[in-house]
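Visitor: Hi! I'm new to this one, could you show me around?
Guide: Happy to. Let's bring it up and start with some helices.

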Amino acid sequence: MSTSIIIADDHPLILKGLNDFLLEKEFNVIASAKNGKEAFTLINAHQPDIAILDIQMPILTGLQVAEKCKAEELNTKIIIITFEKSEDIYNKAKSLGIYGYILKEFAIAEIENCIASVLQEKSYFSPELIEYLEIKETPEALKTLTDAEMKVFKLTAENKTAKEIANILFISDRTVEKHKSNIRTKLKLESKANSIVLYAKEYEEFLSKYT
């Protein structure tokens, strides 16, 4: 059974181009919409596998449609298409669990790969977007740190001494060292004093967002 898709864009030419391309590739395009409200109504009614949404649409934007789908716990996977290279949109898309973010100028070239990734539960973001934003994905190893270890990691990255970290976090020097030891083990770092700092330099952008 072919993948069911709903598409929404307020530009008739883009909508038609996308529709024709997907039909040519034998995807099951069950409906199309010219605004966000219509798109959400169709998604709610048909619950397709995938919805491909323009970001800038009348009544509801693509992101607002995604927000409503998330609130309603709909299983449709959302792909957004836009001309905008925006870190705010990228972060918002990630927070809403949006699976794909494609730049319109590459839409026809990338949409098949994007759909294939999404159907395998993998997110797809236009390589040009990632390159433009210079986004470094958070390494899996960093996600294994506990909240306490993450705080010690961040403060160590700021060149704070164990004593300073202990004072800031109201813990003992020994506990700080224990956390550091755990961090090195989890991140597979050498036991050198500055190994955590050197590693952290690579992920300053991620750390600056961690509070």
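This is a predicted model: local features need pLDDT of at least 70, side-chain atom pairs count only at pLDDT 80 or more; totals for chains, interfaces and linings use all residues.

Visitor: Okay! Which hand does the crossing of α10 and α11 have?
Guide: α10 passes α11 in a left-handed crossing.

Visitor: And which residues make that contact?
Guide: From α10 you have Lys180, Ile183, Arg184 and Leu187, and from α11 Ser195, Ile196 and Tyr199.

Visitor: What classes do the residues in the contact of α10 with α11 belong to?
Guide: Four are nonpolar, one is polar and two are charged.

Visitor: Staying in that area, where is histidine 179?
Guide: Histidine 179 sits in helix α10.

Visitor: Does that histidine count as buried or exposed?
Guide: Histidine 179 counts as buried, because its relative accessibility is 15%, and the cut-off for buried is under 20%.

Visitor: What does histidine 179 touch?
Guide: Leaving aside residues up to four places away in sequence, histidine 179 touches Ala148, Glu149, Val152 and Ile171. Val152 turns up again in another contact, where Lys151, Val152, Leu155 and Thr156 in α8 meet Ile165, Ile168 and Leu169 in α9.

Visitor: Which classes are in the contact of α8 with α9?
Guide: There the residues divide into five nonpolar, one polar and one charged.

Visitor: At what angle do α8 and α9 pack?
Guide: Helix α8 (residues 147-157) and helix α9 (residues 162-169) pack at about 135°, and their axes are 10 Å apart. The two are therefore oblique to each other. Their crossing is right-handed.

Visitor: Let's look at α9 itself. Which residues are buried there?
Guide: In α9, Ala162, Ile165 and Ala166 are buried. Seen down the axis of α9, the buried residues fall within an arc of 100°, so they line one face of the helix.

Visitor: What is exposed on the other side of α9?
Guide: Lys163 and Asn167 are exposed there.

Visitor: What covers the buried residues of α9?
Guide: The cover includes α8 and α10.

Visitor: What follows α9?
Guide: Phenylalanine 170 does, and its phi is positive, near 55°.

Visitor: Change of topic: which residues of α2 are buried?
Guide: In helix α2 (residues 36-46), the buried residues are Gly36, Ala39, Phe40, Leu42 and Ile43. They cover an arc of only 165° around the axis, which puts them on the same side of α2. On the other side of α2, Lys37 and Ala45 are exposed.

Visitor: What do the buried residues of α2 pack against?
Guide: Their partners are the strands β1 (4-8), β2 (28-33), β3 (50-54) and β4 (77-82), along with helix α3 (62-71).

Visitor: One more: where is asparagine 44?
Guide: Asparagine 44 is in helix α2 as well. With 34% relative accessibility, asparagine 44 counts as partly exposed.

Visitor: How many Å separate the C-alpha atoms of asparagine 44 and serine 4?
Guide: They are separated by 13 Å, and the two residues are 40 residues apart along the chain.

Methods. Residues are numbered from 1 along each chain as its sequence is written. Side-chain values use heavy atoms; hydrogens and water are left out. A crossing is left-handed if the near helix is turned anticlockwise from the far one by less than a right angle, and right-handed if clockwise. Helices (H or I, at least four residues) and strands (E, at least two) are DSSP runs, numbered from the N terminus. Contact means heavy atoms within 4.5 Å. Ala, Val, Leu, Ile, Met, Phe, Trp, Tyr, Cys and Pro count as nonpolar, Asp, Glu, Lys and Arg as charged, and the others, Gly among them, as polar. Axes are lines fitted to C-alpha atoms, for helices over the stretch in contact, and angles run from 0 to 180 degrees between N-to-C directions. Angles under 35 degrees count as roughly parallel, over 145 as roughly antiparallel, 65 to 115 as roughly perpendicular and the rest as oblique. Buried means under 20% relative accessible area, exposed over 50%, partly exposed in between (1.4 Å probe, protein chains only). The arc is that of the directions from the helix axis to the C-beta atoms.
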